[in-house]
Protein chains: 2
Amino acid sequence: MNRNDSHAAKAAAGIRWKEMETPRLLIDEARMDRNIAAMAELARARGVRLRPHAKTHKLPSVALRQIEAGAKGITVAKVSEAELMAAHGVSDIFIAYPLVTEGKLARALELARRIRLIAGVDSLPGAERADRAASEAGRTLEVRLEIDIGFRRTGVPYAEAEALAVAIAGLPHLRLTGIYTFRGAQLNGRPTLDLAAAGAEEGALMVGLAERLRARGIPIADVSVGSTPTAAYAAAVPGVTEIRPGTYVFQDRMQAAFGVCGPDDCAGSVLVTVVSRPAADLAIVDGGSKTFATDVQPDVPPLHLRGFGRIVGYDDARLVRMSEEHGMVELGPDAQAADIRVGDRLRIVPNHICSTVNLHNQVWMQRGDRFEAVPVLGRGLLE
Amino acid sequence: MNRNDSHAAKAAAGIRWKEMETPRLLIDEARMDRNIAAMAELARARGVRLRPHAKTHKLPSVALRQIEAGAKGITVAKVSEAELMAAHGVSDIFIAYPLVTEGKLARALELARRIRLIAGVDSLPGAERADRAASEAGRTLEVRLEIDIGFRRTGVPYAEAEALAVAIAGLPHLRLTGIYTFRGAQLNGRPTLDLAAAGAEEGALMVGLAERLRARGIPIADVSVGSTPTAAYAAAVPGVTEIRPGTYVFQDRMQAAFGVCGPDDCAGSVLVTVVSRPAADLAIVDGGSKTFATDVQPDVPPLHLRGFGRIVGYDDARLVRMSEEHGMVELGPDAQAADIRVGDRLRIVPNHICSTVNLHNQVWMQRGDRFEAVPVLGRGLLE
């Protein structure tokens, strides 16, 4: 089969729109590819490495596409995700999470025999556990130190980072090669819309720390920063070496509200059916909180998203309330005039695509007028 | 193998506490069995049939256990869930959801060849679709009419129910045998703590409607009501024939806050590990919004739950914030005094067990000091 035949076969695979059941999570492949290319180009232009967070898609095939487009490797949060991605051919993985249980450390060390595997550390007790596990495995584990620059999540507090880095650099079975942080669109301990300021500060804090650590003899090679909203600005700071955005691969309503992308860059949407029209201003669709993630709630600052998703084509319709399998869509005057009926389909762009993907057993990759099921292999991998 | 040997083999299966990885969802089997028995006894005492909603557990083995304890059949929300349960031997299933797509109706009608299958309807356009599908399949489909008594979800508005029931009863390929509703702990359009009043009104409204329908010649056999919070009160109303509670099988923090159960009746909890202690008043655990459901948010009336779960054994520790894989646990003075360290484990009872189960690939059934993985076969079945 030559290249053209293969392409034709691929285009013909899958089912058509009218054969689609609901609710299903659609991924517009052309938009996804455009998002992948755009972030790869951004990283190239800024002279930083790109290590996308695979939590967004949990799809090995998409991780490989990101790498093919120029990503150096990928980021994951869990050992189980790393194992999955390695099994599908990803050979450079950063588990950006402090591994502290014996079981997870053993699994990470086992993986490190086959691929480049970097683990996160953020405390001396945690690092000592990793050091002990590496010693027992007869190996050296490459680690990066996580720094908290104001998100109050994992990460050693910024002011304590130097002392901890020195202590970790002294552990015999760990090799400290980098520092990393995640803060997202935050500034001064609060969510912000000033992404330029947030990204610039993020980069500057981390580069400054890296320089102080190098001055103390710790050879910090990687200064890793950047979420989807701040990646462009953090990457522009000289001395930053790597960005780790995740959401950009599909983008979503939250990122569009941040101004990171336009509505037409959102590759993910959920196809639902109207199952009931109990009142003029109310349509019930067959997706609820088991179909749309609820971790990004409506009306929360700074974005003040209205509802749990954007109803494509109906500007004054809002997914205002959900139970597990029901979505309550409030219809404004325009949507009421559109005569939405039982059996009609709607497409809804979720507020947060990462946690929404994790609710679905498969995504439906849209190529032209065909849809093909791709199993979300990393779904529910929590360990 | 005699009965005692079998019991011993079962007890010895699984792994021990210290071998458990995190995060994992534990189900205390003895508590679950107690909850199953208690609801079965309540239904027997009130003289109503019990048809538990399987959305909570999504486990065929648990559905069979509910039936063994006395349930007449089960309730599900999706055709795909019905197919799964039927494949595992459940022979009486109510899909309490309006089926309106051709594909789902065809699948339901196919199932109806093998088991007793009842579908929900709540509108004339929806019922006409079901009637057409049944006609094409050459069958009659048993249906129940869903009534909205104030939840503003699916369900025909109460005032319009009689006229719609008459119309549906006239459709040749549908057999209207019952009416059903779901309102949960609501009264006058608002969440309420007055479960007795909510359940009594729920029952009275539905029984009154059933009597009016019978007077018009529609032989309503089933008057089906009752959520976990209102089941006991709704079941006490003469004329109610069936209750459909779901959450009771595991109970959860929300139900405990309603006073429906005690904290020691909660069978489900998530085992997590403390991965970081970045500040005296903060512990980070390895479960976030992909481990704990976020559909029941903290601080919402009428329950005003504090945080996303109850930290067992630490009354002033609160799971106040989550990102996808991180849980931020704020420690009060007592929890701080307890010297919680990196690597320590915590057990957290989630606010809402139903949507939490759906996040996990397996639950870990606890029998004595052993834990056995049971795959959540219904997880992510959205169609």
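**View 1. Two copies, one turn.** Chain B can be laid on chain A by a turn of 180 degrees and a shift of 0.0 Å along the axis, with an RMSD of 0.0 Å (the copies are superposed by least squares on the C-alpha atoms of residues with pLDDT of at least 70 in both). The two copies are thus related as by a two-fold rotation axis. In chain B, the C-alpha of Thr294(B) is the one nearest the axis, 2.8 Å from it. The same surface serves both copies, as 100% of the contact residues of chain B recur in chain A. This is a predicted model, in which local features need pLDDT of at least 70 and side-chain atom pairs count only at pLDDT 80 or more, while totals for chains, interfaces and linings use all residues. To find your way, residues are numbered from 1 along each chain as its sequence is written, and chains are lettered from A and ligands numbered from 1 in the order in which they are written.

**View 2. Where the chains touch.** Here 53 residues of chain B are in contact with 53 residues of chain A (two residues are in contact if their C-beta atoms, placed from the backbone, lie within 7 Å). Among the elements of chain B that give two or more residues to this side are strand S5 (92-98), helix H6 (124-137) and strand S14 (268-279). Helices (H or I, at least four residues) and strands (E, at least two) are DSSP runs, numbered from the N terminus. S14(B) gives the most, with five residues. By class, the side of chain B that touches chain A has 17 nonpolar, 21 polar and 15 charged residues; Ala, Val, Leu, Ile, Met, Phe, Trp, Tyr, Cys and Pro count as nonpolar, Asp, Glu, Lys and Arg as charged, and the others, Gly among them, as polar.

**View 3. A lysine in a loop.** Look for Lys290(A) in the loop between strand S15 (282-285) and strand S16 (309-311) of chain A. Is Lys290(A) buried or exposed? Lys290(A) is buried, with 28 other C-beta atoms within 10 Å; a residue is buried if 20 or more other C-beta atoms, placed from the backbone, lie within 10 Å of its own, exposed if 12 or fewer, and partly exposed in between. Leaving aside neighbours within four places in sequence, the contacts of Lys290(A) include Glu324(A) and Glu325(A), along with Ser355(B) and Asn358(B).

**View 4. Strands side by side in chain A.** Strand S5 (residues 92-98) and S6(A) pair in the parallel sense over five bridges (two strands pair if DSSP finds at least two bridges between them). On the other pairing, four bridges join S6(A) to strand S7 (residues 141-148), and these two run parallel. Ala119(A) stands opposite Ile95(A) and also opposite Val143(A) in S7(A). Strand S6 (residues 116-121) is mostly covered, with five of its six residues buried.

**View 5. Helix H4 and its neighbours.** In helix H4 (residues 79-87) of chain A, the buried residues are Val79(A), Glu81(A), Ala82(A), Leu84(A), Met85(A) and Ala86(A). They pack against helix H3 (60-68), strand S4 (74-76), S5, H5 and S6 of chain A. Just after H4(A), Gly89(A) takes a positive phi of about 105 degrees.
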